[in-house]
Amino acid sequence: MNENTLNIVNVEYDKDGSSTTTDSYGMREMQKRAFAKRNSQHLLIKAPPASGKSRALMFLALDKLANQGKKKVIIAVPERSIGASFADTDLTQHGFFADWHIDSRNNLTNEDGLDELSKVAAFMRFMDGDDQILLCTHATLRFAFENVTVDKFSDCVLAIDEFHHASTSETSRLGELLHNVMRGSNVQIIAMTGSYFRGDAVPILTAEDEADFDKVTYTYYEQLNGYSCS
């Protein structure tokens, strides 16, 4: 390359360490932003990979159960492997008021050999019981919704990971489910995604539904700026 050629793709980042620095609760920058809006009924978190969305949800869910009167938290991930992101986590050692734990019988993403019908039965048992936290796939949530009345989601938190998998398409059962529970119950939605767009022209939410969400945005640039230079 000629020494006079301009390098138009060279980007410098601050590398100030803010992405990984934690506060007195053990929260990183993006997590602090999300937790600041913990009282929102519906919250849309748009943040890149490795920014800590899974742990942000743990903080939010535990606060809603302990301090906001919510009875249950349902977390839906697109595939079983992502369920590992929500494994038991010691949060109190870093200053939070509770640790994160999901009872094994309520982790429907683990390698237990259950077929989808059995997972739906486990979902139904959870909804009718006293357990507070359940983890399942989008598919299990969709199948279970066919057997659960909308009002069952009242006083619950429904967290959707990889939220862009939903859409307003008539064929999107996940999108239809979200619209119905938002309009038919007092459910609280926590939506998380690294990229709030789809590969097609179909919106993720209707304009009416999207207007009900408070937003937390943490960009790739902020994430990269916040890495330490050491």
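The legends below describe close-up views of a predicted model.

Local features are reported at pLDDT of at least 70 and side-chain atom pairs at pLDDT 80 or more, whereas totals for chains, interfaces and linings use all residues. Residues are numbered from 1 along each chain as its sequence is written, and side-chain values use heavy atoms, with hydrogens and water left out.

**View 1. Overview of the protein chain.** The chain contains 7 helices and 6 strands; helices (H or I, at least four residues) and strands (E, at least two) are DSSP runs numbered from the N terminus. Along the sequence the pattern reads α-β-α-β-α-β-α-β-α-β-α-β-α. Of the 230 residues, 43% count as buried. Buried stands for under 20% relative accessible area, exposed for over 50%, and partly exposed for values in between (1.4 Å probe, protein chains only). Among contacts (heavy atoms within 4.5 Å) with a separation of 6 or more, 76% come from residues 24 or more positions apart.

**View 2. Thr21 in the segment before helix H1.** Thr21 is placed in the segment that precedes H1. With a relative accessible area of 46%, Thr21 is partly exposed. When neighbours within four places in sequence are set aside, Thr21 is in contact with Met27, Arg28 and Glu29.

**View 3. The buried residues of helix H1.** Met30, Gln31, Ala34 and Phe35 are the buried residues of H1. They fall within an arc of 135° seen down the helix axis, so they line one face of H1; the arc is taken from the directions from the helix axis to the C-beta atoms. The cover over these buried residues includes strand S1 (42-46), H2 and S6.

**View 4. Packing of helices H1 and H2.** H1 (residues 29-36) packs against H2 at an angle of about 30°, and the two axes are 9 Å apart. Axes are lines fitted to C-alpha atoms, for helices over the stretch in contact, and angles run from 0 to 180 degrees between N-to-C directions. H1 and H2 are therefore roughly parallel to each other, under a scheme in which angles under 35 degrees count as roughly parallel, over 145 as roughly antiparallel, 65 to 115 as roughly perpendicular and the rest as oblique. The crossing of the two helices is right-handed. A crossing has this hand if the near helix is turned clockwise from the far one by less than a right angle, and is left-handed if anticlockwise. From H1, the contact is made by Met30, Gln31, Ala34 and Phe35, and from H2 by Lys53, Arg55, Ala56, Phe59, Leu60 and Asp63.

**View 5. Packing of helices H3 and H4.** The axes of H3 and H4 are 9 Å apart and meet at an angle of about 70°. That makes H3 roughly perpendicular to H4. H3 passes H4 in a right-handed crossing. Glu116, Lys119, Val120, Phe123 and Met124 of H3 make the contact with Ala139, Thr140, Leu141, Phe143 and Ala144 of H4.

**View 6. The buried side of helix H4.** Within H4 (residues 138-145), the buried residues include His138, Thr140, Leu141, Ala144 and Phe145. Their arc around the axis is only 165°, which puts them on the same side of H4. These buried residues pack against strand S2 (72-77), helix H3 (116-128), strand S3 (133-137), strand S4 (156-161) and helix H5 (173-184).

**View 7. Salt bridges.** Side chains of opposite charge can pair when their charged atoms come close. A salt bridge is counted when a side-chain nitrogen of Lys or Arg is within 4 Å of a carboxyl oxygen of Asp or Glu, and the count comes to 12. Lys71 and Asp155 form one of them, at 3.9 Å from N to O. Lys71, in the loop between helix H2 (53-67) and S2, and Asp155, in the loop between H4 and S4, are 84 residues apart. Lys71 is exposed at 53% relative accessibility, while Asp155 is partly exposed at 24%. Glu29, Lys32, Arg33 and Glu222 are linked in a network of salt bridges.

View 8. The side chains of Arg183 and Asp212 meet in a salt bridge of 2.9 Å, N to O. Arg183 belongs to helix H5 and Asp212 to the loop between helix H6 (207-210) and strand S6 (214-217), so the pair ties together parts 29 residues apart in sequence. Arg183 is partly exposed at 39%, and Asp212 is partly exposed at 35%. In the salt bridge of Arg125 with Asp131, the closest N and O atoms are 3.5 Å apart. Arg125 is partly exposed, with a relative accessible area of 28%; Asp131 is partly exposed at 23%.
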